[in-house]
Protein chains: 2
Amino acid sequence: MRAEVLAVGTELLIGDVVNGNAATIGRLLTDAGVEVVRSTAVADDEPTIAEALHMALTRADAVLVTGGLGPTQDDLTREALALAAGVPLLRDESLADALLARYEGLGRRVPAMNLRQAELPEGATAIPNPKGTAPGVRMELNAGVVYALPGVPHEMHAMLVESVLPDLLSLADAPAAIVSRTLHTAGMWESAVAEALSDLHERLASTPGAPTLAWLAGKGQTRVRVTARAATREAALGLISPVEAEIRSTLGIALWGVDDETLPGVIHGLLLAGGQTIAVAESLTGGLLGAALTSTPGSSATFRGGVTAYSSELKTSLLGASLEEGAVSASTARAMAAGVRERLGSSFGLALTGVAGPEEQEGQPPGTVHVAVAGPSGSDARLLRLPGDRDRVRQLAVTSALDLLRRHLLGGQADR
Amino acid sequence: MRAEVLAVGTELLIGDVVNGNAATIGRLLTDAGVEVVRSTAVADDEPTIAEALHMALTRADAVLVTGGLGPTQDDLTREALALAAGVPLLRDESLADALLARYEGLGRRVPAMNLRQAELPEGATAIPNPKGTAPGVRMELNAGVVYALPGVPHEMHAMLVESVLPDLLSLADAPAAIVSRTLHTAGMWESAVAEALSDLHERLASTPGAPTLAWLAGKGQTRVRVTARAATREAALGLISPVEAEIRSTLGIALWGVDDETLPGVIHGLLLAGGQTIAVAESLTGGLLGAALTSTPGSSATFRGGVTAYSSELKTSLLGASLEEGAVSASTARAMAAGVRERLGSSFGLALTGVAGPEEQEGQPPGTVHVAVAGPSGSDARLLRLPGDRDRVRQLAVTSALDLLRRHLLGGQADR
């Protein structure tokens, strides 16, 4: 079963609205085993919508249309469906009655314009809208099926889950499950992850029915997505399991979590399990590291606090770092980590100092960052040369610091 | 001039990633007077990308492709462009040299796989990428032009603004200027801004050729976008100018900047002008407030540092706040602001304490936040009841604190 998404609305093309509906539909259909092969957005224009619908049905068994079902003159999806099918639009009296009753219940009269929402292309059926006034439209066309839903996200979502998905799955001959599992890594660039897994990738690519691999990079982390298709969800998970095991064994400690897990969440869990706490000392990141560690609900159990010593002299007065080798140095990072650990009374101290840019500092170029962790069993430090602009250097510095802490907590396996 | 957007990436179809790039491109092209007629997303599949490209060029003069330019095996846009044009992919030695130099500068060797990023379809030219390693591709095809850009949003954005838009506009026959000016406000909800400007909005809407108004809300700030279309940029700016003056007079101190200005940047400018400095004391935001203030290049001239006292006892030991009325109270916020000002030796102290959620604290519901500023001429404090989840409460708290500081710096006009 293959499906396409067709979003109707000029606001999507001019960038006034981000097409979140397409992502919602993609996720829910994929989870239900329906492959989404294309997603298109077109303007509020009747012939364009009708043409896009015909094209989509040459590639897919089902098309999910969003938007253009409102009461105003620029809502043209009903007209476009009728045009595509070569049938007239007819008033559905039960829809009209329901609309009248709904407005009466609100103590308002139905604006004449809104009665357009009671019209359906001949031969189509209405899809109930439990959250709003615009009914959806289900119509068979060119040996496929079209579901038109409102563009309002929560109405669209409810109708998709309650009506469209059950109908769509009842049409599938051999319902299949597509399951993805996302493995998160840190401390390896995307190319290094891909290179480490290239044998596995080739082996899977040449094996019919095997799971597929994809890489996604962002914020200094690389995600590996394993996707399998099988008759049932359990069978798909069974295909993923040995692939995940091989990836885990290949990537080792660089792999830190799966699916919805976050790096701060994993660290919170490790600290919690050990009855330990953390405090941070920052400079170029201005507080971003503490903000990351406190993004997890319940982080007050493991996060004590932080000191941002943006000016050099505060690194000495607040943290006791001597700055003998300059503010941007490994010894200063270590002293900051030890200082914040001692002064805030935490199990571990984690520190960042460096040059965010755009200007150099102490003769060191932007992207030069020292990170250090201090704990009961010693300390670790690392020198980073981070690429990108100020924002990106700060973001990558935070991820690197979190990853150093994670590796330290896992038993001093940090890569020095 | 008509353009289409073609986004490449299975992650978009399965809903792993929302297609924000399409909205960014739509907004920037529309602002530049280029009509976006369709937006399509396809999977990482070479023939599909090539076919979609051909179809797009039957409807549009230019196609902006995003994604699929990375170094890994599932990045197939380069191959698809070559396939669509019926030409081979050739190694560009100057791109390869630049890639080698970039990696050398970072002290890393180029992974063999990454040299794919130095390949171009025969006859195509590279689009410089100031923010990352993947160059873009510009290629003429079927009497139209194709620009392929990376999917990483900040790289895509920079290349679009610096290279693609100027090139695209140089191709337009009769360039009309569409100019937008964005006015930033804080401390007013979107509906209040819209209400204050509703007369102006109606007057403009009923005047042919007058600028249009749009409202955009986000992160506790409301932006008003004024857009004018005229024969030249100067003429468009001339239409905007009296409208901007009227908006400024209506919104008063709530309006803090225009276009690319940021709230931290405006505060940095105010402090710099007065030869003053700031230090922050945080709790629920964990460092986000300091991170915001240091997002501006050169902030070391005005930002001294910060203390995040996440645990209650640190609010006393690090900042000298007595907590008599509890950690979440106006008196504690004031004491934190005064404490950090004194201990870090800054002109002003800015403090946040409150409940981010999801749990309540000291019997106070999530979203209860106290913000305070302390300075040479006294202090200000405010109680906020912020809506939303943990992330949103933290974000809104930061914006509110920055706005309180800004109003305080502008002469104690803070709304108590």
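**Is Arg304(B) buried or exposed?**

Arg304(B) counts as buried because its relative accessibility is 14% (buried means under 20% relative accessible area and exposed over 50%, with a 1.4 Å probe and protein chains only). The model is predicted, so local features need pLDDT of at least 70 and side-chain atom pairs count only at pLDDT 80 or more, while totals for chains, interfaces and linings use all residues. Residues are numbered from 1 along each chain as its sequence is written, and side-chain values use heavy atoms, without hydrogens and water.

**Around Arg304(B)**

You will find Arg304(B) in strand β14 of chain B, residues 303-309 (strands are DSSP runs of E, at least two residues; helices are H or I, at least four). Its side chain makes a polar contact with the side chain of Glu313(A) at 3.0 Å (a pair of N or O atoms within 3.5 Å; within protein, one must be able to donate a hydrogen and the other to accept it, and residues adjacent in sequence count only if both atoms are side-chain atoms). A polar atom of the Arg304(B) side chain also lies 2.7 Å from the backbone oxygen of Leu344(B).

Beyond four places in sequence, the residues in contact with Arg304(B) include Thr308(A), Tyr310(A) and Leu314(A) from chain A, and Thr277(B), Ile278(B) and Gly345(B) from chain B (contact means heavy atoms within 4.5 Å).

**Domains of chain A**

Chain A is assigned domain 1 (2-171), domain 2 (177-258) and domain 3 (263-409), with bounds from an automatic or database domain assignment. Taken over C-alpha atoms, the centres of domain 1 and domain 3 of chain A are 51 Å apart.

Definitions and conventions: Chains are lettered from A and ligands numbered from 1 in the order in which they are written.
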